[in-house]
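Visitor: Could you walk me through this one? I would like to go from a single residue out to the sheet.
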Amino acid sequence: MAEHKKIQIAATGSWVPSHRVTNEMLAKKLDTTDEWIVSHTGIHARHVAQAGETTASAAVHASRIALERAGVAADELGCIVLATSTPDYTLPSTACLVHRELKAGRAAAFDVSAACTGFVYAMDIARGLMGRDPRPTLVIGADLMTRIVDWTDRNVCVLFGDGAGAVVLKWGSGDAGLGESILRVDSEGFFALRREGGNRHHLSEQVDAPSGRSFLHMEGKPVFNFAVKAIDEVVTELLEKSGMTLDQVKLIVPHQANFRIIDAAARRLKTGADKFFLNIAEVANTSAASIPLALDALVNANRLQAGDYLIFVGFGAGLTYGGVLVRWGCSAPLAVV
Ligand code: ACO
């Protein structure tokens, strides 16, 4: 009988900066309170990159852990796919800097721009590429959102943090692996979440936002409403496509934007908020890093067993959204180096 082969998550890794900023620390500089932030978002703290720490260095830290745990050398990789909205440079892609630092030999490397849905997009793209090149692939979500928020704007800056998460994908035997996936965009809503300062004008005409220097702009309410519907749509359709019920899924690992979004989505799905894994309290919204950071936290806490079904669901600027059903295959985390 032919061996059943699937693309599997062989290992995870993550990194957040050591500098931790609590709500109380923010309240000393901003017109906000710990009570407001916790009650409106579920966030208690965020980790903020310091001088010398970049999206590329964050990605390298997370990747080294994932590669070590997977027993894969960087020069065995076929590709590095890195999701980010906060690249070190406009060009080249941050994935190229990670490739250089890891010494990834003959691997391809490129960035994916799908904001907070970036990791889900990157996993699906990586999976497609592995049909042609079966070598292991490194998929990273990395963002330093604190570099692009206006620290005087309490509406936005309290929501975000920095970090990176990585997974190594490998072909493997057995039933574990990546299942059905959905990638979508509600492009009519693109204006609600954006950062200007791109290249719509020649550099010499960029008066308001020269060289890409502008802050993240967010209209909270429409994004909130979109996110709740997006989670419901993705989870419901992934279950339908897979012929499964939500009871068979151990946990949904969502993009960590706001616990109230999760609470409202859980009600739409007629389930409890405890069906969702949340680590937003400690790391805030880390955009593309959010899902792989949460996944690595689950792995490190030994919360996953081989055979468990998980749903990753992301939503963000674009307005992109999507998800993937995963049957977990790793049994336990290996020692972190
Ligand atoms: N501290 C104190 N008060 C605040 C703060 C703060 N940090 N921020 C806003 N407020 C005030 C507002 O000024 C407003 O005051 P007003 O009524 O006097 O005008 C009041 O609180 C209420 O504001 P709302 O906008 O109604 O608050 P809401 O309950 O909608 O929560 C929030 C705001 C948290 C931003 C919510 O809308 C949200 O989470 N939206 C989704 C964000 C998201 O999911 N982003 C994900 C994508 S990010 C990406 O892709 C890069």
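Visitor: Leaving aside neighbours within four places in sequence, which residues is Thr-117 in contact with?
Guide: Thr-117 is in contact with Gly-314, Phe-315, Gly-316, Thr-320, Tyr-321 and Gly-322, where contact means heavy atoms within 4.5 Å. This is a predicted model, in which local features need pLDDT of at least 70, side-chain atom pairs count only at pLDDT 80 or more, and totals for chains, interfaces and linings use all residues. Residues are numbered from 1 along each chain as its sequence is written, and side-chain values use heavy atoms, with hydrogens and water left out.
Visitor: Buried or exposed, that Thr-117?
Guide: Thr-117 is buried, with a relative accessible area of 0% (buried is under 20%, exposed over 50%, partly exposed in between, with a 1.4 Å probe and protein chains only).
Visitor: And where does Thr-117 lie?
Guide: Thr-117 lies in the loop between E5 and helix H5 (118-130); helices (H or I, at least four residues) and strands (E, at least two) are DSSP runs numbered from the N terminus.
Visitor: On to the sheet: what is the strand order?
Guide: The open sheet has five strands in the order E1-E7-E6-E4-E5, with mixed pairing, and two strands pair if DSSP finds at least two bridges between them. Strand E1 (5-15) and strand E5 (108-112) are at the edges with a single partner strand each, so one side of each has no neighbour in the sheet.
Visitor: How many bridges join E4 and E6?
Guide: Strand E4 (residues 79-83) and strand E6 (residues 137-144) pair in the parallel sense over five bridges, and Leu-82 stands opposite Ile-140 in E6.
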